[in-house]
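Hello,

I am passing on a structure that I have been going through, and I hope you will enjoy looking at it. Please open it first and keep it beside you as you read on.

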Amino acid sequence: MLSVVFYKNKSRLSQILPELVHRAKQSESNHTLGFFLELTDKLAQDREFSLLLGKHLAKLRDKRRSRSEAFFVHMKPSKYEKKLMQRNTSDLARKWLFEMNMP
């Protein structure tokens, strides 16, 4: 749903994106925002939206982060669930260092 909100409000997003990136970094949710913005870009297949994101996606990457973690942070996966997460994580989620049992 968040991707729909981002895309439907892309003109407003262009105005607030620098502040949104800043706040996401302050609250340490930059990888989550980056993941959702890039997911929106992939789903929208809209060159204008891709251009809007421009350099902002790179600013959301935390180069200190090197290990994947469960996207749903309050979840303590069992061994079986961990295997499913490793198998079913999408390439895009993996790129943002998230694991989830959602292909």
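Below is what I found, going from the overall fold to single residues.

First, some notes on how to read it. This is a predicted model, in which local features need pLDDT of at least 70 and side-chain atom pairs count only at pLDDT 80 or more, while totals for chains, interfaces and linings use all residues. Residues are numbered from 1 along each chain as its sequence is written, and side-chain values use heavy atoms, with hydrogens and water left out.

**Overall fold**

The protein has seven helices and two strands, where helices (H or I, at least four residues) and strands (E, at least two) are DSSP runs numbered from the N terminus. Read from the N terminus, the order is α-α-α-α-α-β-α-α-β. Along the principal axes, the C-alpha atoms fill a box of roughly 45 × 25 × 20 Å.

Of the 103 residues, 36% are buried; the classes are buried (under 20% relative accessible area), exposed (over 50%) and partly exposed (in between), with a 1.4 Å probe and protein chains only. Taking contact to mean heavy atoms within 4.5 Å, 67% of the contacts between residues at least 6 apart in sequence join residues at least 24 apart.

**The aromatic residues**

F35 is buried, at 6% relative accessible area. Leaving aside residues up to four places away in sequence, F35 touches F71, L92, A93, W96, F98 and M100. Its C-alpha atom is 9.7 Å from that of R61, 26 residues apart along the chain.

Rings of Phe, Tyr and Trp (its six-membered ring) pair if their centres lie within 6.5 Å; planes under 30 degrees apart count as stacked, over 60 as edge-to-face and the rest as tilted. By this rule there are seven aromatic pairs. One of them joins F71 and F72 edge-to-face, at 5.1 Å centre to centre with 90° between the planes. F71 is buried at 17% relative accessible area, whereas F72 is partly exposed at 42%. Ring pairs also link F35, F36, F71, F72 and F98 into a cluster.

The charged end of R61 is over the ring of W96, 4.0 Å from its centre, and R65 lies over the face of F98, at 4.9 Å from the ring centre.

**Salt bridges**

With a salt bridge defined as a side-chain nitrogen of Lys or Arg within 4 Å of a carboxyl oxygen of Asp or Glu, the count is five. Among them is the one between R65 and E69 (3.2 Å, N to O), so R65 takes part in a salt bridge as defined here. E69 is partly exposed, at 37% relative accessible area.

Another joins R23 and E19 at 2.6 Å, N to O. These two are four residues apart in helix α2 (residues 10–26), about one turn of the helix. R23 is exposed at 53%, and E19 is partly exposed at 40%.

K95 and E38 also meet in a salt bridge, at 2.6 Å, N to O. K95 belongs to helix α7 (residues 91–95) and E38 to helix α3, so this pair ties together parts 57 residues apart in sequence. K95 is partly exposed (43%), while E38 is buried (15%).

**Backbone angles to look at**

Most residues other than glycine have a negative phi. Q45 has a positive phi, near 50°, and lies in the loop between α3 and α4 (47–53). L97, in the loop between α7 and β2 (98–99), also has a positive phi, near 65°. Q45 is exposed, at 74% relative accessible area, but L97 is buried, at 17%.

Best wishes

Notes:
Lys NZ or Arg CZ within 6 Å of the ring centre and 35° of its normal.
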